[in-house]
Amino acid sequence: MTTFIPEMRLHDNRGQRLYLTQDERDRFLKAASEECRENRVFCHVLHFTGCRISEALELTTSRILLPDQEIIFRTLKKRKVDQNGNPRKEQYRHIPVPAKLIDELDLVFDLRRIQKQKRYGDELLWNMSRATAWRLIKKVMEKAEITGPQATPKGFRHGFGIAMAQTGMPLTILKDLLGHASTSTTEIYLQFAGKEKREMVMKGWEKINT
């Protein structure tokens with residue numbers, strides 16, 4: 001039996017890109033700075049991890065690893081059964097993040113104090129619906145004057161994938177960061193367009209001519 005896997009694309013049917021550029025990501029962060037601290041740090045989590053909105057909304061106080069400077073996400077959208085039809089175990093991934101994000105999460109949610117308590121409830125960090133979170137991201141994008149088919153939460157995730165691929169990161173690591181089932185899905189981020197492609201070509205010529 002063949003399992004249908006939805007097509008991953010970086011461009012729509014008209015050739016318009018479906019990912020944010022670095023310039024747009026920077027403008028998004030600047031616009032996010034005007035939000036309340038809870039919303040601001042939510043935007044920062046998406047920016048620095050490339051997670052899905054639903055994965056961010058699942059984060060709890062115990063999934064922020066302060067000493068290790070990592071965030072644990074439960075990977076969503078993977079198939080629920082294996083090739084033999086048996087239920088798969090829940091899958092989690094550890095995403096390293098900058099120290100400044102860990103400090104911000106601690107400041108906003110008082111994580112160090114909470115995690116030092118011998119008995120503490122594993123509470124959600126954000127109590128908002130997926131629809132509310134989606135509207136938040138769209139609002140910040142509008143403030144940043146980001147318009148077009150790329151101005152979506154998925155466009156933000158695609159932008160993260162491309163940004164990481166541009167660093168030369170091995171596909172196996174990027175696959176784990178994004179929670180993909182295989183590198184065949186992750187390979188989409190090796191397809192660059194516009195400014196990103198030009199920058200890579202120009203760097204290639206610089207190496208050739210030196």
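This briefing describes strands, helices, salt bridges and surface features of one structure.

The model is predicted: local features require a pLDDT of at least 70, side-chain atom pairs count only at pLDDT 80 or more, and totals for chains, interfaces and linings use all residues. Residues are numbered from 1 along each chain as its sequence is written, and side-chain values use heavy atoms, with hydrogens and water left out. Helices (H or I, at least four residues) and strands (E, at least two) are DSSP runs numbered from the N terminus. The structure holds an open sheet of three strands in the order E1-E2-E3, with antiparallel pairing. A search of the whole structure finds 15 salt bridges.

**The sheet**

- Two strands are taken to pair if DSSP finds at least two bridges between them.
- E1 and E3 are the edge strands of the sheet, each pairing on one side only.
- Strands E1 and E2 pair in the antiparallel sense over two bridges, and Leu65 stands opposite Glu70 in E2.
- E1 and E2 form a hairpin with four residues between them.
- Strands E2 and E3 pair in the antiparallel sense over five bridges.
- Ile71 stands opposite Ile95 in E3, and the bridge partner of Arg74 in E3 is Tyr92.
- E2 is mostly covered, with four of its five residues buried; buried means under 20% relative accessible area, exposed means over 50%, and partly exposed lies in between (1.4 Å probe, protein chains only).

**Salt bridges around Arg74**

- A salt bridge is defined here as a side-chain nitrogen of Lys or Arg within 4 Å of a carboxyl oxygen of Asp or Glu.
- Glu58 forms a salt bridge with Arg74, and the closest N and O atoms are 2.4 Å apart.
- Glu58 lies in the loop between helix H3 (53-57) and strand E1 (64-65), while Arg74 is in strand E2 (residues 70-74), so this pair ties together parts that are 16 residues apart in sequence.
- Glu58 counts as partly exposed at 22% relative accessibility, whereas Arg74 counts as buried at 16%.
- Arg74 also forms a salt bridge with Glu90, with the closest N and O atoms 3.0 Å apart.
- Glu90 is in the loop between E2 and strand E3 (92-96) and Arg74 is in E2, so this pair too ties together parts that are 16 residues apart in sequence.
- Glu90 is partly exposed, with a relative accessible area of 49%.
- Salt bridges that share partners join Glu58, Arg63, Arg74 and Glu90 into one network.

**Helix H2 and its ends**

- Helix H2 (residues 37-49) has 13 residues and should span 18 Å at 1.5 Å a residue; its end C-alpha atoms are 18 Å apart, which agrees.
- The expected span of a helix is 1.5 Å times one less than its number of residues.
- The buried residues of H2 are Asn39, Val41, Phe42, Cys43, His44, Val45, Leu46, His47 and Thr49.
- The side chains of Arg37 and Glu38 meet in a salt bridge, at 3.4 Å from N to O.
- Arg37 is partly exposed with a relative accessible area of 37%, and Glu38 is partly exposed with 29%.
- Gly50 follows H2 and has a positive phi, near 70°.

- Gln69 is a residue other than glycine with a positive phi, near 55°.
- Gln69 lies in the loop between E1 and E2 and is partly exposed, with a relative accessible area of 33%.
- Asp110, likewise a residue other than glycine, has a positive phi near 55°.
- Asp110 is placed in the loop between helix H4 (99-109) and helix H5 (111-116) and is partly exposed, with a relative accessible area of 32%.

**Nonpolar surface patch**

- Val201, Met202, Trp205 and Ile208 form a nonpolar patch on the surface, with about 390 Å² of accessible area together.
- Patches are made of residues with over 30% relative accessible area and no salt bridge, with like charges joined within 9 Å and nonpolar side chains (Val, Leu, Ile, Met, Phe, Trp, Tyr) within 5 Å.
- Accessible areas come from the Shrake-Rupley method with a 1.4 Å probe, and for residues only the protein chains shown count as cover.
- Met202 lies in helix H10 (residues 194-209) and is partly exposed, with a relative accessible area of 34%.
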